[in-house]
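Here's a quick briefing to read alongside the structure. Have the viewer open and follow along topic by topic.

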Amino acid sequence: MTSRLVDTVNILVPTGALGAGVREADLTAGVAAGAHGIACDAGSTDSGPAYLATGQSKYARDSVKSDLAILMRAQAAAGIPLLIGSCGTSGCDDALDWVRDIALEIALEEGLHPRIALLYSEQRPSTMMALAEQGRMEPLAPVATVDPAAFSACDRIVALMGPEPYMAAIEAGADIVLGGRTTDTAVLAALPLLRGMGVGASWHAGKIAECGGQCTLNPRAGGVMIRVGRDAFEVEPLDPDNRCLPSTVSAHMLYENSDPFFLYEPGGMLDVSQAEYHAATDRVVQVTGSRFISRPYTMKLEGAAAGDYQTVMLVGIQDRAVLAEIDRFIAQMHAYMVHRVKETMGDRVAEFDISLRPYGWNAVSGDLIGPPLPAPREIGLLFIATAATQELATQIAKTCNPVLFHMPLDVDRELPSFAFPFSPPEMERGRAFEFKLNHVVHVDQPDELVRVSLINAGASVHVQGQ
Amino acid sequence: MSKVSEVCRHVRSKNAGPFWITVDVFFRDRAAFERYAESPELQVPAIAALFDVDEDSIKRFVLPNLQVLKVSYPRKRPQGGALERDMHGGQQYLRLLDVELSSMLA
């Protein structure tokens with residue numbers, strides 16, 4: 001067995017995402033095992049562009065509050081820093097303020113008085129457009145160009161912070177750092193980097209632990225502890241019954257990464273191509289050979305905007321003749337719907353889209369399926385109308401309602417009636433959101449595009465009338 | 001010839017950011033990895049045809065320690081938008097499962 005590391009900086013990573021679930025027992029175990037800080041991430045682009053475009057959180061307020069309360073109690077009891085990145089899913093200013101307000105509410109309810117640093121990294125579209133015109137933007141593959149108009153087309157833009165604003169906030173005396181959009185890795189690497197641990201080991205440890213227990217044998221069994229040294233780091237599950245193996249840890253480099261060996265971060269590139277993963281015990285993995293190669297400081301940008309409106313309907317079909325010829329049936333239905341909308345709504349809808357997606361057949365792929373596949377027993381046929389306004393999308397849906405309900409396979413057949421689950425069947429879905437940017441911006445200083453504020457929670461309670 | 005689904009213990013796909021999909025193919029064991037990871041059906045031209053993307057845009061990695069083949073390719077459209085059918089890219093691996101692989105060993 002490999003000899004264990006000494007003089008490490010230990011980071012308790014309680015979960016892959018604030019709001020997804022934190023276990024109080026993990027905090028107790030991690031603090032008892034010598035955690036020097038608690039860090040996790042609270043956001044991602046993975047669930048789609050709506051969260052950035054609207055500033056809404058993916059997780060429920062009560063879920064976030066429940067997790068955050070556990071973390072804040074542990075922070076106060078142990079007197080160690082708590083760092084949370086990408087607050088409120090997108091990490092935009094409104095989302096960060098939403099998490100700030102939850103933290104202040106918890107502080108009041110629990111009688112806690114932490115000093116909280118807030119790191120804002122949302123960017124004005126007009127400022128980003130100006131930076132694009134100055135040549136400070138670089139596109140990331142598969143985007144090949146920088147079009148300044150793409151920046152002004154965004155409803156919201158965030159720049160992904162590196163560890164430096166977190167390090168500065170801790171040095172300024174913050175007990176808790178709530179960050180806007182940040183690379184997952186940077187939030188976890190900040191404290192080891194601040195305390196002088198190895199740069200390659202700090203970044204690689206952050207990457208391995210970014211999804212909490214995802215790098216363990218049982219990802220559902222809570223979080224992990226990373227122990228970062230000068231030339232190596234260790235990762236260990238917080239649950240005593242869970243294990244990390246060299247294969248579970250190294251396989252995490254595959255997860256949601258397009259390249260498993262090289263990761264671009266704000267101030268450089270993490271190179272794990274020479275990394276070695278050893279079993280330090282039967283449940284602790286030690287990693288050596290991680291390297292971080294400094295590069296000009298850039299921040300990745302994420303931008304999203306609201307697009308057209310959608311109205312949807314769902315109908316269930318068990319008709320055996322239809323199910324024996326689904327593709328022909330749907331092609332006919334689609335053609336007739338488009339014809340009816342043009343015939344009745346005319347110039348009022350210059351541009352619209354009707355999408356028919358038979359769940360239980362080929363809705364997910366959209367690929368045509370030929371025989372000899374057996375017919376399904378039933379399908380759920382999802383109708384989606386997309387148009388410039390909600391009113392138009394709904395009028396298109398209402399126009400198509402009788403077609404979706406009664407369309408026969410052939411004209412000489414009696415009209416069928418398919419199974420609507422709702423009355424009315426149409427559901428106004430709001431807007432379809434889009435990601436607009438895949439760029440990095442060059443900055444002179446890591447905090448050039450970051451705004452910081454420090455607040456004392458629970459310190460200035462003023463009850464009116466007393 | 002064997003299908004991907006027959007020689008792998010796990011095949012998965014997922015977004016790698018809003019602009020990329022990455023597919024991880026975990027072979028059943030060392031023997032299956034050595035026999036099939038370099039099959040012509042898992043080389044860049046075949047992968048490009050399967051996912052309908054340019055050959056130049058594909059990233060392909062072979063990881064002997066994990067007995068894994070990893071391929072990443074750009075989405076036709078960014079994640080989201082009116083035409084999205086698989087928001088997290090989690091079902092895109094299905095295209096690979098029935099691909100028949102030629103053995104690279106005699």
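Where in chain A does A:Pro424 lie? A:Pro424 sits in the loop between α13 and β19 of chain A. Before going on, keep in mind that this is a predicted model. The predictor gives the complex an ipTM of 0.96, and the pTM is 0.96.

**Confidence**

- Chain A has a mean pLDDT of 96, with 98% of its residues reaching 70 or more.
- For chain B the mean pLDDT is 96, and 99% of its residues get to 70 or more.
- One stretch to treat with care is residues 461-466 of chain A, where pLDDT stays under 50 and the model has one contact beyond four places in sequence.

- Most residues other than glycine have a negative phi, and most peptide bonds are trans.
- A:Ser423 and A:Pro424 are joined by a cis peptide bond, with omega about -5°.
- Another cis bond runs from A:Ala141 to A:Pro142, with omega near 5°. Look for A:Pro142 in the loop between β6 (137-139) and α6 (148-152) of chain A.
- A:Asp7 isn't a glycine, yet its phi is positive, at about 55°. You'll find A:Asp7 in the segment before β1 (9-13) of chain A.

**The ten-strand sheet**

- Ten strands of chain A make an open sheet with mixed pairing, in the order β13-β14-β10-β9-β1-β2-β3-β8-β4-β21.
- The edges belong to β13 (276-279) and β21 (451-456) of chain A; each has a single partner strand, so one side of each has no neighbour in the sheet.
- Ignoring direction, neighbouring strands of this sheet are turned by 20° against each other on average.
- Inside the sheet, β4 (residues 115-120) and β8 (residues 176-179) of chain A pair in the parallel sense over four bridges. In one of these pairings, A:Leu119 has A:Gly179 in β8(A) as its bridge partner.

**The three-strand sheet**

- Chain A also has an open, antiparallel sheet of three strands, ordered β11-β12-β15.
- Here β11 (262-265) and β15 (291-294) of chain A are the edge strands; with a single partner strand each, they have one side left without a neighbour in the sheet.
- From one strand to the next, the twist averages 25°.
- Strand β12 (residues 268-271) of chain A runs antiparallel to β15(A), and four bridges join them. A:Asp271 has A:Arg291 as its bridge partner in β15(A).
- Helix α9 (residues 199-209) of chain A packs on this sheet and touches β11, β12 and β15 of chain A. The direction of α9 makes about 110° with that of β15(A).

**Helix pairs**

- Two packed helices are described by the angle between their axes and the distance between the axes.
- In chain A, α3 (residues 61-78) and α4 (residues 93-110) pack at about 55°, with axes 10 Å apart. The two helices, α3(A) and α4(A), are therefore oblique to each other, and their crossing is right-handed.
- Among the residues that meet there are A:Val64, A:Leu68 and A:Met72 from α3(A), and A:Val99, A:Ile102 and A:Ile106 from α4(A). By class, this contact of α3(A) with α4(A) has nine nonpolar, no polar and four charged residues.
- Helices α12 (residues 326-345) and α13 (residues 390-406) of chain A pack at about 130°, with axes 9 Å apart. That angle makes α12(A) oblique to α13(A). The crossing of α12(A) and α13(A) is right-handed.
- On the α12(A) side, the residues in the contact include A:Met333, A:Tyr336 and A:Arg340, while α13(A) brings A:Ile396, A:Cys400 and A:Val403, among others. The contact of α12(A) with α13(A) divides into eight nonpolar, three polar and one charged.

**Where the chains meet**

- The contact takes 28 residues from chain A, and chain B gives 29 residues.
- On the side of chain A that touches chain B, the elements giving two or more residues are α10 (246-251), β16 (298-317) and β19 (427-435) of chain A.
- β19(A) provides the largest share of that side, four residues.
- By class, the side of chain A that touches chain B has eleven nonpolar, eleven polar and six charged residues.

Key: Residues numbered from 1 in each chain as written. Chains lettered and ligands numbered in written order. Predicted model: local features only at pLDDT ≥ 70, side-chain atom pairs only at ≥ 80, totals over all residues. Pairing = 2+ DSSP bridges. Axes fitted to C-alpha atoms, helices over the stretch in contact; angles between N-to-C directions. Contact = placed C-beta atoms within 7 Å. Nonpolar A, V, L, I, M, F, W, Y, C, P; charged D, E, K, R; others polar. Parallel < 35°, antiparallel > 145°, perpendicular 65-115°, else oblique. Left-handed = near helix turned anticlockwise from the far one by under 90°. pLDDT = per-residue confidence, 0-100.
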